[in-house]
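Biologist: I am new to this model and would like to learn how to read it. Please take me through a few features in turn.

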Amino acid sequence: MQIERGILERFRTQMCEALQDQLDLLAATEGNASKPACCGRPMSYHDRRGVPCLSWMGSVRIRCRRFRCLICKRERRPLLEQLGVEPGQPSGLLARLLSVLGCVVPYALAAELAWQVLGVKVNAMTVWRAVQRLGEAAARHTEAISAYHANPSAQVLPPAGAPDAIVVAVDGCALGMQVRPKRRRRKTPDQVLPALPAVEEGHFREVKTGVLLLPADRVRLSPERRGLVRRVVVTCLGDANALFDRLWAELSERGWCGVNTVVAVVGDGAEWIWNRAAMFPKRCEILDFWHAIEYAWAYARLQFGEGSRNAERWVHRVAEDLKAGKVQQVIARLKSLQPNSQQSLEALEALRKYYTDNASRMRYDEYLRLGYGIGSGAVESAHKQVVHARLRQAGMRWSELGARRLLALRLLLLNGDWATTERLRMVPFAA
Ligand SMILES: [Zn+2]
């Protein structure tokens with residue numbers, strides 16, 4: 001309907017005027033505040049020239065007082081600082097709206113969405129800057145919470161009413177990082193930049209993701225399928241310790257880790273996971289069921305032939321026995337097998353060692369009964385949603401800062417915590 005658009009535009013103009021009036025009022029009463037200080041003395045008044053600012057309703061000017069330090073020449077506009085506005089940048093609300101688009105789709109597409117959805121014309125760089133400013137604030141916020149809970153002297157009392165069990169699953173993937181230290185810029189708008197060099201070894205960084213879920217939140221969708229009604233995702237571009245600090249902070253923030261809470265850690269058998277899992281005194285280590293089965297497949301393919309019915313039947317039986325908690329019987333059976341080639345002998349030995357080393361993490365009947373689940377599917381899907389869906393699209397490369405900021409924002413969005421951004425002060429772009 002054309003009528004809708006007409007009304008929208010008419011009221012947008014009125015909203016913009018109302019915003020301008022409010023800003024003028026604020027600027028008019030600003031005179032009562034005392035002068036800011038710098039270099040140990042009050043700064044001197046410079047001017048009250050209007051600063052342009054793009055809001056969701058349209059362009060406005062903020063006629064705020066500008067002060068200058070006579071010694072170091074630094075300038076300050078207290079009203080802009082109070083409003084969290086940077087000259088020439090989108091206002092707080094618009095910046096948050098652009099950021100939410102920019103953390104869902106690539107920046108150029110986000111700019112197009114801003115026009116279609118918000119009726120605001122911006123370019124991709126404006127969206128990118130908004131994501132950097134808000135993302136930096138979000139990343140610092142998350143890191144501060146992590147640091148707080150990692151400090152032993154700040155430990156809060158174990159919460160009463162903590163759940164009996166909590167499931168923690170972790171996963172990681174590599175992200176292509178920028179080879180060049182600086183962003184490349186076009187000298188003219190239509191200059192075509194040469195293709196980026198191939199990503200070399202050492203230009204990947206691992207992104208690690210962890211998921212926290214309560215067994216009670218796994219609900220039966222159908223006899224075969226279970227789904228999750230709630231999950232909390234944490235992620236970081238860093239080492240395993242940083243990820244586990246995040247997981248711990250999130251558990252503490254939510255009051256999910258009491259003295260009697262069993263922490264069920266699901267992992268794919270990577271050592272870094274089990275090494276860190278030891279931080280939970282009451283824990284249950286679970287080897288991801290699908291990794292266990294993948295090992296069985298590796299042997300079966302060699303022994304019975306790729307795609308053969310026998311291979312399928314053999315693996316199926318191993319899977320059924322493992323689910324029934326018969327890991328020791330499976331290992332005993334592996335010892336009596338007669339491999340038909342050197343290769344299949346080696347695969348069999350690897351399989352037997354893997355199951356023997358992990359036998360205590362393969363009590364799948366028990367995990368199913370307790371509702372812990374047996375696979376790391378939840379974290380794999382979360383990881384894809386957080387990382388792959390936005391950061392691993394074709395040809396994408398990331399700077400360390402850019403990836404860290406975007407991940408921090410995506411997590412707030414995907415965890416249903418976007419409202420937190422309302423309390424965050426955007427970090428000035430220069431910082
Ligand atoms: Zn100064």
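**Reading the sheet, the core and the confidence**

Modeller: Strands here are DSSP runs of E of at least two residues, helices are runs of H or I of at least four, and both are numbered from the N terminus. This is a predicted model, in which local features need pLDDT of at least 70 and side-chain atom pairs count only at pLDDT 80 or more, while totals for chains, interfaces and linings use all residues. Residues are numbered from 1 along each chain as its sequence is written.

Biologist: Which strands form the open sheet, and in what order?

Modeller: Two strands pair if DSSP finds at least two bridges between them. The order is 3-6-7, with antiparallel pairing. Strand 3 (44-47) and strand 7 (75-76) are at the edges with a single partner strand each, so one side of each has no neighbour in the sheet. Strand 6 (residues 66-68) is joined to strand 7 by two bridges.

Biologist: Where is Lys 73?

Modeller: Lys 73 sits in the loop between strand 6 and strand 7. Its phi is near 70 degrees, a positive value in a residue other than glycine.

Biologist: Does Lys 73 count as buried or exposed?

Modeller: A residue is buried if 20 or more other C-beta atoms, placed from the backbone, lie within 10 Å of its own, exposed if 12 or fewer, and partly exposed in between. Lys 73 has 9 C-beta neighbours inside 10 Å and so counts as exposed. Of the protein's 431 residues, 34% count as buried.

Biologist: Which residues have the most contacts inside the largest nonpolar core?

Modeller: A nonpolar core is a set of buried Ala, Val, Leu, Ile, Met, Phe, Trp, Tyr and Cys residues joined through C-beta atoms within 7 Å. The largest has 101 residues, and those with the most contacts inside it include Leu 98, Val 127 and Leu 212. Helix 5 (residues 124-150) supplies the largest share of this core, eight residues.

Biologist: How many residues of helix 1 are buried?

Modeller: One of its 28 residues is buried, and helix 1 is hardly covered.

Biologist: Where is confidence lowest, and where highest?

Modeller: pLDDT is the predictor's confidence in each residue, from 0 to 100. Strand 11 (residues 226-228) is lowest, at a mean of 66, and helix 4 (residues 107-118) is highest, at 95. The protein averages 86, and 89% of the residues score at least 70. Where pLDDT is low, the predicted coordinates should not be read in detail.
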